[in-house]
Amino acid sequence: MSALLEVRGLKVRYGQITALSEVGLDVGEDEIVAIIGPNGAGKTSFLSAIAGVVPVTSGTITFRGDDILSLPMEEAVRKGIALVPEGRHVLPGLTVLENLKLGATIRNDAAGIRNDLERFLDAFPILHERRDEPAGRLSGGEQQMLVIARALMSRPTLLMLDEPSLGLAPRIVEQVYDMIKATRESGVTVLVVEQNARRALAVADRTHVLNSGVIRLSGTAETLSNDPDFEVAYFGLRTVRNE
Ligand SMILES: Nc1ncnc2c1ncn2[C@@H]1O[C@H](COP(=O)(O)OP(=O)(O)OP(=O)(O)O)[C@@H](O)[C@H]1O
Ligand SMILES: [Mg+2]
């Protein structure tokens, strides 16, 4: 049985810069898989390659057994892959409801779309309360929840999230992660990238540590937090301890 998403030998280059070299991993159905790594590790490049947003230099990507390597982004969305990019890109002048509807533009099942809108507004009272307000007036955490819900409106099989906790207060990060857990419980597989290693480890079934375009270490939260090589893998430097 193949995994939902299989990535092998993935290489992404921007001119002379190698963002990813030979990255391989699997994401199984109904899992939460995390990729953690510092600034510039290649996290965004990895998600962008899967979503068809950046060209891949070499390697293979299969989704439900199909080669999706050269699919443009819209086709990837049609196949069930949704990406929530870094930076909470709501359309600030449109209302919360209008932003949510935009997530469903690839669908033509009007009744299903109405149902999903009801379901998300029910599930996320913050969005319900502010459904008719311009999205630009929401707080950072509310905007993050809105962009996740908007991505879910495309009815993805795989939801990919780029640093959903970035710049949010710890309490708000918890709310966003509660939403991520609820998403998995509703049967959507999740691939999340984070610099917030602690938060990602706490939620993921399996985590990969990416640094300088290479996966340095992989495992469960328990194995990674007890691994003496964890810090070296994450920070790329051997830390000096005063004993
Ligand atoms: N469009 C681009 N053109 C040239 N170099 C790029 C481009 N995008 C990313 N890079 C470089 O590729 C490497 C990986 O970047 P990437 O954005 O994938 O990392 P990241 O882990 O998402 O980092 P961050 O934590 O800053 O979001 C970095 O060296 C970055 O400078
Ligand atoms: Mg990034």
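**Exercise 1. The four-stranded sheet**

How many bridges join strand β1 to strand β2, and do the two run parallel or antiparallel? Work from there to the whole sheet that holds β1 and β2.

*Solution.* The model is a predicted one, and every step below refers to that prediction.

Step 1. Between strand β1 (residues 5-14) and strand β2 (residues 17-27) there are seven bridges, and the two strands run antiparallel. Within this pairing, arginine 13 stands opposite threonine 18 in β2.

Step 2. The hairpin of β1 and β2 has two residues between the strands, and glycine 15 there takes a positive phi near 60 degrees.

Step 3. β1 also pairs with strand β4 (residues 58-63), in the antiparallel sense and over five bridges; the bridge partner of lysine 11 in β4 is serine 58.

Step 4. β4 in turn is joined to β5 by two bridges, again with the strands antiparallel, and threonine 62 has aspartate 67 in β5 as its bridge partner.

Step 5. Put together, these pairings give an open sheet of four strands in the order β2-β1-β4-β5, with antiparallel pairing. The edge strands are β2 and β5 (66-67), each of which pairs on one side only. Helix α1 packs on this sheet, where α1 touches β1, β2 and β4, and the direction of α1 makes about 65 degrees with that of β2.

**Exercise 2. Serine 45 and the shell around ligand 1**

Determine whether serine 45 is buried or exposed, and state which residues lie around ligand 1.

*Solution.* Step 1. Serine 45 has its place in helix α1 (residues 43-51).

Step 1. A residue counts as buried if 20 or more other C-beta atoms lie within 10 Å of its own. Serine 45 has 25 other C-beta atoms within 10 Å, and is therefore buried.

Step 2. Once neighbours within four places in sequence are left aside, serine 45 is in contact with Val12, Ala19, Leu20 and Val54. For one of these pairs, serine 45 and leucine 20, the separation is 25 residues in sequence and 7.3 Å in space, C-alpha to C-alpha.

Step 3. The shell around ligand 1 consists of Tyr14, Ile17, Ala19, Gly37, Asn39, Gly40, Ala41, Gly42, Lys43, Thr44, Ser45 and Gln195. Both β2 and α1 supply at least two residues of this shell, and the largest share, three residues, comes from α1.

**Exercise 3. The six-stranded sheet**

Which strands make up the open sheet of six, and in what order? Explain why one side of β6 and of β10 is left without a neighbour in the sheet.

*Solution.* Step 1. The strand order is β6-β7-β8-β3-β9-β10, and the pairing is mixed.

Step 1. β6 (81-84) and β10 (214-219) stand at the edges with a single partner strand each, so one side of each has no neighbour in the sheet. From one strand to the next, the twist averages 20 degrees.

Step 2. Both kinds of pairing can be seen at β9: four bridges join β3 to β9, which run parallel, whereas β9 (residues 206-211) and β10 pair in the antiparallel sense over five bridges.

Step 3. β9 and β10 form a hairpin with two residues between them, and serine 212 in the turn has a positive phi of about 50 degrees. β9 is mostly covered, since five of its six residues are buried.

Step 4. Helix α6 (residues 140-152) lies across β6 and β7 (158-162), running at about 165 degrees to β6. Helix α7 packs on the sheet as well, touching β3 (32-36), β7 and β8 (189-194), and its direction makes about 155 degrees with that of β8.

**Exercise 4. Two checks of length and size**

*Solution.* Step 1. After α7 comes glycine 187, with a positive phi near 100 degrees.

Step 1. The C-alpha trace spans about 55 × 45 × 35 Å along its principal axes.

Terms used. Residues numbered from 1 in each chain as written. Chains lettered and ligands numbered in written order. Predicted model: local features only at pLDDT ≥ 70, side-chain atom pairs only at ≥ 80, totals over all residues. Pairing = 2+ DSSP bridges. Axes fitted to C-alpha atoms, helices over the stretch in contact; angles between N-to-C directions. Contact = placed C-beta atoms within 7 Å. Buried ≥ 20, exposed ≤ 12 C-beta atoms within 10 Å, placed from the backbone. Near = placed C-beta within 6 Å.
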